[in-house]
Amino acid sequence: MKTIIVTGGTRGIGRAIVDMLVAKFKQNVPAVAQTRLVVTYRSGVAQADALAAELKDLGIDADIQQMDLADLSSVTAFVQHVTQTYGKADALINNAGMTNDGSFLAMADADVASLIHTNLNGTIALTEQMVPLLQQAGCSSVIFMASAAGVYGKEGQVPYATTKGGIIGYSQLLARRYGRQRMYINAVAPGFIATDMVTALDPAMFEHTLNNASIGSMGTPADVANVVHSLLTPGYIQATTIKVDGGHLR
Amino acid sequence: MSDLFINSNGIIPQSLLERLQAAGRECHVLELPEHTDGAAIVRQHFEQLSNEGRYYHNIYLDLTGGFNELAEFTADAVTAMQRLELRLTEVLKALKYGSQHLARADGGRIWVLCYDHSVNYSVASPSNPITNNAVIAAVQSIAKEVARFDVSVNVFLIHPPKESVTNDSWKQAKQSLKVYGMKYKPQPVQHIAELLQMYAGLKNLTTTGGIIPVGSGIAAGNI
C-alpha cells in the first residue's frame, strides 16, 4: 500500500491537493484500496475533523495528524508516528507554511526570524527526517510548495519570498543528494491563486497582478493540485520548479 | 561617502577591496564572526554612523566564504540546518539594516556576492543553492520596496575564480564543462574584481533587483 503525506492539507491549496488525490483514486477504484493519505494540520481542529469524516465516508484510508513546523519536537513526533505506523513514505508533499507580510524595513526582526524558522527550517527538518522513509519506498516523490514570490520576488513579502526561494534551493540540493536513488524531487510555484484569503480582498488590490499574467485571471487551487499530481509520477522532471502563475510577465 | 564590506575574507571581496582602496575609495570592513550575533553588530554599526550623520554609498555583503551547504548537509544535516537558519536570518537582517541606512541617506547600493552553486557539478567549489535562491528572492523583493528611496540591491552570482580551484580540477572537468554551455574559462580573481568595481563605480546605475552572472557559459542564475 502506498503512503502519501500532505502537510497543511486541511485548507487552501493543501486541501485542494487532498481533494484532487481523492478524485483520482475514485477514478481508478483499485487506487482507493492501494493508497493511504496522511494529512497534517497545525491548529484547525474543526477542519481536520471535517476532513477525516469526509474521507471516511468516501472509503479513503486517511490519517489526520497534528504537526507544527515551527516546533521541531512536533515534527519529530510526526515522523516517529509515520515510521512506527507505516514504515515508509512513497510521497511527501510539503505544502504547510505561513506568511508575515508588510513593509520589510518596518518589519519586526522576530517576524523575519519566525518565517525562516517555520517555512524553511521546519520544512527542511521534516524532509531530512523523512528521507529514510522515502528511501524505504524504493521509488518516491518529494514535492515542495514554493511560490512565485520565491522565483521572482514580491514587494511586501520579503521574508516569505526568501523562505520560498530557499525551499527551491533546498529542492535542488536534495536532488543532488538523492536523485540517483529514484527520489523525484521538485517544487511548484503558484502565482495568484483564488484561495479563501484572496477572494475576500477588494479586486482593486490585485487587478494589476492579473493584468501582468498572459492568462489574465486568477488560478484555482485545483490548477496547482493538478500539477502536484503530475509530479507524483516518476519521470525525467527533476530539481525543477514549475510555475503555476498564468504566464506572469511572459 | 564611503563603502562598507560586511565580511571580506574571501578572495573576491579582498581583491575588490584592494582595487577600490588603490583607486582612492574609503572602505570599511565589518567582520561577522560565526557564533556571534552578527546582525546586532551590523545594526549597532549603522546606528552609530547615522548618529554621526555619516552614510555609506556601496554596501558589499559577502556570502562566498565559510559555508558549503551541499557538503555540510550531506555530512550532518542537523548541524547544517542550524547554521543555515542562523546565516539566513543574519543575512536578511543585514539587508534590512543596510537598506534602512541607505534610505536615510540619499540612496545607495547593496551588492551581495555569492558563488554560483552549479559550478560544483564540475569542480570542487562551494555549493549553496539554498542560500543563493533565498538571497536572490530576497534581493528581488527588497529591490521593489526600496527603489523609491533610490536604493538599489543586486546579487552577483560568481563562478569561482581561477585561484580558488586547482588547475587539475579544471582539466578533469574539461568534458563536463562543455555540456550545453560554452566551455568554462577560469577567470583570475582580478578580472572578476574589475567587473564588480565597474558596476559599483557607475554614476547612474540602472539595475536593481538584478541577478548578475559573472562567469562564462552557463550560470545557475540563467537557468
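This is a predicted model: local features need pLDDT of at least 70, side-chain atom pairs count only at pLDDT 80 or more; totals for chains, interfaces and linings use all residues.
Residues are numbered from 1 along each chain as its sequence is written, chains are lettered from A and ligands numbered from 1 in the order in which they are written, and side-chain values use heavy atoms, with hydrogens and water left out.

**View 1. The fold of chain A.**
Chain A holds 10 helices and seven strands, where helices (H or I, at least four residues) and strands (E, at least two) are DSSP runs numbered from the N terminus. Its radius of gyration is 18 Å, close to the 18 Å that the globule rule gives for 250 residues, so chain A is as compact as a globular protein of that length; the radius is taken over C-alpha atoms, and the rule is 2.2 Å times the number of residues to the power 0.38. The C-alpha trace of chain A spans about 45 × 40 × 35 Å along its principal axes. Of the 250 residues of chain A, 52% count as buried, a term that means under 20% relative accessible area, with exposed meaning over 50% and partly exposed lying in between (1.4 Å probe, protein chains only). Among contacts in chain A between residues at least 6 apart in sequence, those that join residues at least 24 apart make up 77%, contact meaning heavy atoms within 4.5 Å.

**View 2. Loop residues of chain A.**
Arg182(A) sits in the loop between helix H7 (158-178) and strand S6 (183-190) of chain A, and its phi is near 55 degrees, a positive value in a residue other than glycine. Ala239(A), in the loop between helix H10 (221-231) and strand S7 (241-244) of chain A, likewise has a positive phi of about 55 degrees although it is not a glycine. As background, most residues other than glycine have a negative phi. Arg182(A) counts as partly exposed at 47% relative accessibility, and Ala239(A) is also partly exposed, with a relative accessible area of 28%. A further loop residue is Gly97(A), placed between strand S4 (91-94) and helix H5 (109-136) of chain A and partly exposed at a relative accessible area of 49%. The C-alpha atom of Gly97(A) is separated by 21 Å from that of Ala52(A), and the two residues are 45 apart along the chain.

**View 3. The fold of chain B.**
Chain B has seven helices and six strands, which follow the pattern β-α-β-α-β-α-α-β-α-β-α-α-β when read along the sequence. The radius of gyration of chain B is 17 Å, close to the 17 Å given by the globule rule for 223 residues, so chain B is as compact as a globular protein of that length. Taken along the principal axes, the C-alpha atoms of chain B fill a box of roughly 55 × 40 × 30 Å. Of the 223 residues of chain B, 56% count as buried, and residues 24 or more positions apart account for 75% of the contacts in chain B with a separation of 6 or more.

**View 4. Helix H2 of chain B and its cover.**
The 14 residues of helix H2 (residues 38-51) of chain B should span 20 Å at 1.5 Å a residue, and the end C-alpha atoms are 20 Å apart, which agrees; the expected span is 1.5 Å times one less than the number of residues. Among the buried residues of H2(B) are Val42(B), His45(B), Phe46(B) and Leu49(B). The cover over the buried residues of H2(B) includes strand S1 (2-6), strand S2 (27-30), strand S3 (56-62) and helix H4 (77-104) of chain B. Just after H2(B), Gly53(B) takes a positive phi of about 75 degrees.

Ser125(B) lies in the loop between strand S4 (108-115) and helix H5 (129-146) of chain B and is buried, with a relative accessible area of 6%. Leaving aside neighbours within four places in sequence, Ser125(B) is in contact with Asn68(B), Val119(B), Asn120(B) and Pro160(B). Asn133(B), in helix H5 of chain B, is buried with a relative accessible area of 16%. Not counting residues up to four places away in sequence, Asn133(B) touches Gly165(A), Gly166(A), Ile168(A), Gly169(A), Gln172(A) and His117(B). Asn133(B) and His117(B) are 16 residues apart in sequence, and their C-alpha atoms are 9.7 Å apart in space.
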